[in-house]
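Please consider the sequence and the three-dimensional structure shown below.

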There are 2 protein chains.
Amino acid sequence: MTRLIIATDLGGTNLRIGAVTPEGKILKKYFIHIPSGTDSIELLKAEVSALTESGVKKGWQVVGLGAAVPGVIDILRGIVTESPNYPAWKNLPLKRILSRTFHFPIVIENDANAYAYGEGWKGAGKQFRSFVVLTIGTGVGGGLVLDGKLWRGVDGMGGEIGHITVDPDGPPCHCGNRGCLEVFSSATGITRMVREALQQKVKSTLSEYVGQGDRSPTPYNVYVEAKKGDALALRTFEIVGKFLGVALADIINLLNPEGIILGGGVARAFSLFAPSMKEEIALRAYDAPRKRVKILRSTLKDDSALIGAARLCFEEIKKAPSSSRGRQGQFKR
Amino acid sequence: MTRLIIATDLGGTNLRIGAVTPEGKILKKYFIHIPSGTDSIELLKAEVSALTESGVKKGWQVVGLGAAVPGVIDILRGIVTESPNYPAWKNLPLKRILSRTFHFPIVIENDANAYAYGEGWKGAGKQFRSFVVLTIGTGVGGGLVLDGKLWRGVDGMGGEIGHITVDPDGPPCHCGNRGCLEVFSSATGITRMVREALQQKVKSTLSEYVGQGDRSPTPYNVYVEAKKGDALALRTFEIVGKFLGVALADIINLLNPEGIILGGGVARAFSLFAPSMKEEIALRAYDAPRKRVKILRSTLKDDSALIGAARLCFEEIKKAPSSSRGRQGQFKR
C-alpha cells in the first residue's frame, strides 16, 4: 500500500489539493475555485474526504493531512490567529475542527512556511541549508529556513516578510501598519498603484482596460502592457522591485542567508522588477552577504505549499507515530 | 588551578579586558582608553599578555582567548571583513595574527553577537531561548539568539540590525546605504540630529554646549537637557525611539522572538525614547507577537561582551579540546 498525505493549499479564491508520497511525488492533484459565499472549511473537508475515499479504492493508505493556510498560525495549537483572506477567522481552532472529521494526524501550517519547506525539500532550495522564501501574490508571504529548519518564531507567527516597513510614511496596509512591503510589491499593490496613476490622468495604454465602475487593470494587464513598453506599467514594476530590494537588503543584513527564493504569481514578472530590485539591494546591503546570496525563482511553483505541507505532516508522524495517532483516536471515540 | 578565558571587548576608543571563569564570573577586569594613533591590535596583544602573565603568577590556568570585535566577522576563518570603527581593516586575518603570539585556542566574535551570548548566559536573556539584542552606542549592533544558538548567518555576517532601512530616503550611512536605523538611533545619530537642528537655529538650551569650531553637544548633554525639559533634546530622543520602533516591529514580524534586549550607552536613556518606540511598535507589528515579546534593558551592561566571548571560547574548547589545541600548537612550533 502506498502511504500518502493529503495536502491542501487554501488561498483566497482557490483551493489546491493533492496526494503526496513520502518521496515528495504528487500522485494526484487538482484545484478548484471557491465561489464567493462558500464556507471554505466545509469545502476543504468535502474535498479531502472525496480524495481520501477515491484513494482508498485505489489502495492508498492515507496517513495524514497537511493543510497550508494563509494567515498567522499558532502552530502548536493549530489555531488560525488571523487571516488577511478570511477576516472572520479570529483564533479559529482549525486543527480541532478538522480532527472532528479526519481520524489521522493533521498539521496546519502557514502557506508561505509550507511553500518554503516544499522548495527546500524538492525545489530551488534543495541546494541551501538557510534560505528565505517570498510568495508574491495577492499579498506577500514569507518563510524562513535556517540551518535546515523552518524558523516560525516562538509562537509560529514569524516570517511576515510582507509586513516589513519599507516606507514609514507609506500608504496604510490592512494589517494596521503603513508602508509595508505588501502595500507596494504585491498584486494588490500593483493594482492600487496603477489605479491611482490613472485617476491622476497619467497617460498609459492601461487606461484601455478601465471598465465600468471601479474596474482597474489586473496585474496581468500591467505585465502585458509593460512588455509592450508602456511607461506607467514599466514604472509600476520598477517600484515593485525597488521596495522588494529594500526589504531583501534588510533580510540579507539581518540573516545572511544562502538563498532567497521568489514565488507566487507576481514572481512571473521577475524580468520586469529584477533590475530595480537588484539595484536597491546593491545600494543597501553589505557587500559580502549580498554577493553570497543567490536570488532564484521557485521551481515547484504552485506545488510548493502542497509538497511542503505533506513533508511537515510526514515528519510529525515520524516524530510521534503512536502518540499522535493515539491522541487523534482519543478525540474521536 | 582556576581555568580561565581572557576575554577582550574592543571598541573604537576603549579596550575592555577581563578574566572569566567557566561559571561566568569575572575575576579581574579593567578598561583602558586607546589613544588616537595607537595600533589597537598591538595594544590588545600587550594587554592580553600582561593579564595572562599576572594571572599565571596567581595560579590561573589561562586556556583561551575570546575576542569581541566591532564589524563584520567571517567567523569560520577568524577574519574581520570590515569594521566601521577601523576603516583600514579589510579582510584582516585577526585570528591568525593573534595566534602567532598566543598559544591557546582563540575565538573571534562580532561584539554584538558576543554581547547577546553573554546576556543569554548570565544576563537579561537567561529567561529566553530566542531573543534579539541591540547594542546602541556609537553605532547599533545586533545579535540574534534563536532556540539557544547564536544565528550569525551562513558566513557569520548576519545580525546587522543597525543597517535595517527605516527610512528609504533618509540621510546616508557610512555603510553605503541611506536611512539605516543607525543613522538615527545611535550616539552618532543623536549628535548629528542636534547639530543640524542648531545649525537651523532651533532654540534650545543645547546651544550653550556648542564650543569652538565644530564641537557639538554630546549624547550625554542631550540626555541631561532632555531631563530638564528642553524641547529639542526631547524631540531628538523621540526620533531615536520612533525609528527603533520601526526596526523592532520588522524584527517582531519577521522573527517572533520572546525577548528584545537593549544595551549600549544610549540604552541608558530608555525612559526618554521608550514611549515613542512602543507607540511605533504598536502601530506596526502584529498584535500577538507584539504582546508576546518582552523588551528589556541589558543587565550585564559593559560586561556582556566579555562574558559572551568567554563562553563562546569555553564552548569551542569543549567541542574540540585536543584538535584545536593541537592545531594551535602546529602553527607555533
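The structure is a predicted model. Within it, chain A contains eleven helices and 13 strands. Its radius of gyration is 20 Å, close to the 20 Å that the globule rule gives for 333 residues, so chain A is as compact as a globular protein of that length. The C-alpha trace of chain A extends over about 65 × 50 × 35 Å along its principal axes. Of the 333 residues in chain A, 53% are buried. When contacts in chain A between residues at least 6 apart in sequence are considered, 65% of them connect residues at least 24 apart.

Chain A is divided into two parts: domain 1 comprises 2-116 + 302-332, and domain 2 comprises 127-298. A distance of 28 Å separates the C-alpha centres of domain 1 and domain 2 of chain A. Where these domains of chain A meet, 15 residues of domain 1 are in contact with 17 residues of domain 2. On the domain 1 side, the elements of chain A that supply two or more residues are E5 and helix H3 (111-122). Helix H3(A) accounts for the largest share of that side, five residues. By class, the domain 1 side of this contact in chain A consists of eight nonpolar, five polar and two charged residues.

Strand E5(A) also belongs to a sheet. In general, the strands of a sheet pair through backbone hydrogen bonds, in either a parallel or an antiparallel manner. Here, strand E5(A) is joined by three bridges to strand E6 (residues 79-82) of chain A, and the two run antiparallel. At the level of residues, Asp74(A) has Ile79(A) in E6(A) as its bridge partner.

The remaining topic is the contact between the chains. Chain A and chain B each contribute 37 residues to it. On the side of chain A that touches chain B, the elements giving two or more residues are helix H7 (231-255), helix H8 (270-284) and helix H9 (287-292) of chain A. The largest share of this side, six residues, is provided by H7(A). In composition, the side of chain A that touches chain B has 19 nonpolar, eleven polar and seven charged residues.

Terms used: Residues are numbered from 1 along each chain as its sequence is written. Chains are lettered from A and ligands numbered from 1 in the order in which they are written. This is a predicted model: local features need pLDDT of at least 70, side-chain atom pairs count only at pLDDT 80 or more; totals for chains, interfaces and linings use all residues. Helices (H or I, at least four residues) and strands (E, at least two) are DSSP runs, numbered from the N terminus. The radius of gyration is taken over C-alpha atoms; the globule rule is 2.2 Å times the number of residues to the power 0.38. A residue is buried if 20 or more other C-beta atoms lie within 10 Å of its own, exposed if 12 or fewer, and partly exposed in between; C-beta atoms are placed from the backbone. Two residues are in contact if their C-beta atoms, placed from the backbone, lie within 7 Å. Two strands pair if DSSP finds at least two bridges between them. Ala, Val, Leu, Ile, Met, Phe, Trp, Tyr, Cys and Pro count as nonpolar, Asp, Glu, Lys and Arg as charged, and the others, Gly among them, as polar. Domain bounds come from an automatic or database domain assignment.
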